[in-house]
Amino acid sequence: MSKKKSKLKKTQVEQILDKNDIPYQQAEFLTVQDGDVRSMKVDHSGVDEHTIYKTLVLTGNVTGPVVGVLPIDCHLDEKKLAKVSGNKKVNMVPLKDLLKTTGYVHGANTPVGIYEKFQYPIYIDESAREQGEIYVSSGKVGRSVKLNAEDLAKLVHAEFSDLQQANYEG
């Protein structure tokens with residue numbers, strides 16, 4: 001008999017973190033099905049929503065794919081991401097192209113896995129540096145890892161930058 005309950009089976013992202021000696025905590029969040037897309041449920045069992053980060057994949061007119069990582073309760077300012085990444089403009093990768101662009105389905109994109117596979121340029125919202133520890137997807141819908149933002153940035157060669165739309169009201 002397996003002892004499945006005690007620990008979650010490690011995702012590829014968790015194995016990458018282990019290999020690089022980066023401390024993390026596994027986390028699981030409830031998910032909901034909305035049409036053909038699974039996403040995290042907004043009730044995050046007492047976890048401050050502003051510490052849970054989403055990984056958005058866009059395409060720049062100069063760089064090609066570029067990744068923005070910011071709190072799930074904020075909106076990405078595409079102009080800011082375009083400027084910091086050296087593009088004139090960036091657009092979200094269409095949902096139908098996401099899997100082939102990143103290797104992940106919507107809701108499971110992770111800066112760790114995307115960098116490991118493709119080395120796309122990654123930008124993390126500067127609020128992550130101030131917060132210290134943040135949650136990012138561990139490559140499966142509903143699964144995340146809590147880790148130090150600076151450790152994450154070093155691992156994926158990310159730059160911290162202001163990516164949030166100003167005056168966004170959730």
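**View 1. His157 in the predicted model is exposed, at 58% relative accessibility.** The cut-off for exposed is over 50% relative accessible area, so His157 falls in that class. His157 belongs to the loop that links α6 and β10 (159-161). Its phi is positive, about 55°, although His157 is not a glycine. The model shown in this and the following views is predicted.

**View 2. Gln119 sits in the loop between α4 and β7 (122-125).** Gln119, which is not a glycine, has a positive phi of about 55°. With a relative accessibility of 47%, Gln119 counts as partly exposed.

**View 3. Thr101 of helix α3 (residues 95-102).** Thr101 has a relative accessibility of 12% and therefore counts as buried, the cut-off being under 20%. Leaving aside residues up to four places away in sequence, Thr101 touches Val57, Pro65, Val93, Phe118 and Tyr120.

**View 4. Helix α1 (residues 12-19) crosses helix α4 (residues 111-118) at roughly 75°.** The two axes come within 9 Å of each other. From α1, the residues that make the contact are Val13, Ile16, Leu17 and Lys19; from α4, they are Val112, Gly113 and Glu116. Sorted by class, the contact of α1 with α4 has 4 nonpolar, 1 polar and 2 charged residues.

**View 5. An open sheet of 3 strands, in the order β1-β9-β8.** The strands of this sheet pair in the antiparallel sense. β1 (24-28) and β8 (133-137) stand at the edges, and each has a single partner strand, so one side of each is left without a neighbour in the sheet. On average, and with direction ignored, neighbouring strands of the sheet are turned by 30° against each other.

**View 6. Pairing of β1 with strand β9 (residues 143-148).** The antiparallel pairing of β1 and β9 extends over 5 bridges. Tyr24 has Leu147 of β9 as its bridge partner.

**View 7. Helices α1 and α6 against the strands.** Helix α1 lies across β1, β8 and β9, and the angle at which α1 runs to β9 is about 25°. Helix α6 (residues 149-156) lies across β8 and β9. The angle between α6 and β9 is about 100°.

Methods: Residues numbered from 1 in each chain as written. Predicted model: local features only at pLDDT ≥ 70, side-chain atom pairs only at ≥ 80, totals over all residues. Heavy atoms only, no water. Axes fitted to C-alpha atoms, helices over the stretch in contact; angles between N-to-C directions. Helix = DSSP H or I, 4+ residues; strand = E, 2+ residues; numbered from the N terminus. Contact = heavy atoms within 4.5 Å. Nonpolar A, V, L, I, M, F, W, Y, C, P; charged D, E, K, R; others polar. Pairing = 2+ DSSP bridges. Buried < 20%, exposed > 50% of the residue type's maximum accessible area, 1.4 Å probe, protein only.
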